[in-house]
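I want to look up a few things here and jot down what turns up.

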Amino acid sequence: MENAKATVAAAGVKTLDTKAVGEESLAPQTTRIMGSWSYLFAWLGGCVSIGTFTVGSGLVGTLNLLQVVLAIAIGCTVIGAALMINGRAGHKYGIPFMVQTRSAFGFSGSRIPALVRSVPAVVWFGFQSWIGAGALNLVSDTLFGYNNIVVFFVGFQFLQIGLSVLGFHGIKWLENIGSIFIIGSLAYMFFSVINKYGDTISTNLVNVEGTWGTPFWGATMLFLGVYSTMMLNVSDYSRELRENVGLFRQVVIYANSILPATLFMGLIGVMVTSATGEVDPIQVFSSAVDNKPLLIITMLFIAFAQVTTNILNNVIPPAYALMDIFNIKYKTAAVIVGLLAFCTFPWELVKDESAAGLNLFIQTYSAFLGPIFAILVVDFYFLRKQKLNLDKLYDKDGPYKGVNMAAVIAMVIGIVVALMFSSISWYASLIPAGAIYWILMLKMPAAQRFMS
């Protein structure tokens with residue numbers, strides 16, 4: 001693989017040759033702080049999403065246990081390949097997602113995919129923070145008899161804001177240290193659920209027919225949809241991965257970090273909901289775990305998992321977007337993101353009746369994410385032939401000035417197609433959006449593509 005430092009230097013672009021704690025930048029990153037194992041652990045910790053639990057809960061009555069396992073496996077395999085494909089630009093050139101999108105959408109137009117990526121990140125941030133606060137509240141109530149989830153939510157959110165301003169150095173050590181605790185806790189929770197509800201699970205999940213039709217493929221997209229946001233901005237992370245990590249090894253890293261977390265959380269969600277009808281994970285484990293010390297450990301795991309996921313996946317993308325749009329420093333942007341998460345009303349998202357709505361939310365925003373993913377892939381691999389001119393990407397008055405209407409038109413068409421097939425929206429949008437973008441870029445005169 002071409003050496004990133006030589007590539008960037010040849011382009012004459014100012015690079016980020018050092019990486020101090022909390023000093024993130026949109027400049028090309030030539031100092032990589034993550035090796036293969038650090039990167040794997042970071043993704044493992046960052047993918048323990050309680051949202052996956054809720055997605056699993058929403059499949060009760062639709063698929064049997066085998067079908068859920070296969071749906072998760074297929075979704076994670078697609079995710080691994082997609083992350084490697086779209087993360088190639090960031091890994092090769094050290095550029096973040098905000099810069100990567102400029103060649104396809106234009107300088108001003110790049111804010112469209114940034115907004116599409118940032119909104120679900122902030123929503124997930126608030127949702128998962130409320131879950132974590134609920135876990136801490138239960139621990140407090142169990143040990144000290146103090147119960148006030150609002151206080152814990154506010155305190156938990158400010159704790160995460162404090163950790164997020166440390167940037168990727170903080171992410172690396174937080175995720176690396178916590179990964180073993182995460183896997184052990186997930187395994188423990190999984191077998192605790194089986195021991196307590198085994199007979200009911202057999203009746204409601206194992207010994208049912210399920211379906212291999214559209215609902216099955218829709219389920220693969222739901223699990224894929226949880227990570228479809230990260231498929232867009234994967235360059236934000238791959239630019240931190242050392243250059244000697246090849247493409248195949250990257251797929252292995254992504255798949256083997258995402259699959260365990262998704263499999264455990266998805267199966268726990270579908271099993272517990274099929275047995276109890278309960279969707280809220282805090283209520284589930286407070287009733288499923290009879291041993292008080294183990295209950296406390298489980299709740300602390302749930303809280304810790306929200307921190308690792310939020311800081312990696314739900315702070316970085318909107319923070320980088322704010323840095324680009326308002327020309328502010330990373331630490332300021334990270335604080336703003338944390339404050340915005342207060343405004344998502346997460347206490348509404350965790351209600352029992354919200355599981356179907358959360359799945360609909362995933363399907364809907366996936367309809368926007370799929371077309372953008374397709375456009376970026378076509379632009380980088382088929383039009384640019386994996387060669388980017390960094391001088392132009394960082395020149396706001398250069399050839400990428402304004403908005404590329406070819407990308408906007410292709411994205412809108414892809415969204416319309418996706419919404420027509422909402423249950424498989426991400427899949428359905430790829431070919432129309434990618435094909436239309438390719439055709440327009442080849443046929444539309446250059447003067448008509450970018451509009452100020």
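Which residues are linked in a network of salt bridges? I found Arg102, Arg111 and Asp324 linked that way. My cut-off for a salt bridge is a side-chain nitrogen of Lys or Arg within 4 Å of a carboxyl oxygen of Asp or Glu.

Ground rules before I go on. I'm looking at a predicted model, where local features need pLDDT of at least 70, side-chain atom pairs count only at pLDDT 80 or more, and totals for chains, interfaces and linings use all residues. Residues are numbered from 1 along each chain as its sequence is written, and side-chain values use heavy atoms, with hydrogens and water left out.

**Salt bridges**

I got a count of four salt bridges. One of them joins Asp324 and Arg111, at 3.7 Å from N to O. Asp324 sits in helix α14 (residues 292-326) and Arg111 in helix α7 (residues 111-144), so this pair ties together parts 213 residues apart in sequence. For helices I take DSSP runs of H or I with at least four residues, numbered from the N terminus.

I also checked burial: buried is under 20% relative accessible area, exposed is over 50%, and partly exposed is in between (1.4 Å probe, protein chains only). Asp324 is buried at 14%, while Arg111 is partly exposed at 36%.

Next I looked up Glu23 and Lys331, whose closest N and O atoms are 3.8 Å apart in a salt bridge. Glu23 is in the loop between α1 (4-11) and α2 (36-46), Lys331 is in helix α15 (residues 330-340), and they are 308 residues apart. I have Glu23 as partly exposed at 41% and Lys331 as partly exposed at 38%.

Then there's Arg384 with Asp379, a salt bridge at 3.1 Å, N to O. I noted both Arg384 and Asp379 as buried.

**Helix α19**

How many residues does helix α19 have? I read 16, residues 405-420, reaching 23 Å from first C-alpha to last. That is close to the 22 Å expected, taking 1.5 Å times one less than the number of residues.

At the start of α19, I see a side-chain oxygen of Asn404 within 3.1 Å of the backbone nitrogen of Ala406. My list of buried residues in α19 includes Ala406, Ala407, Val408, Ala410 and Met411. Further along I wrote down Gly414, Ile415, Val417 and Ala418 as buried too.

**Cysteines**

I looked for disulfides (a pair of cysteine sulfur atoms within 2.5 Å) and found zero. Cys76 is buried at 2%, whereas Cys343 is exposed at 52%.

Conventions. Helix = DSSP H or I, 4+ residues; strand = E, 2+ residues; numbered from the N terminus. Polar contact = N/O pair within 3.5 Å; in protein donor to acceptor, adjacent residues only side chain to side chain.
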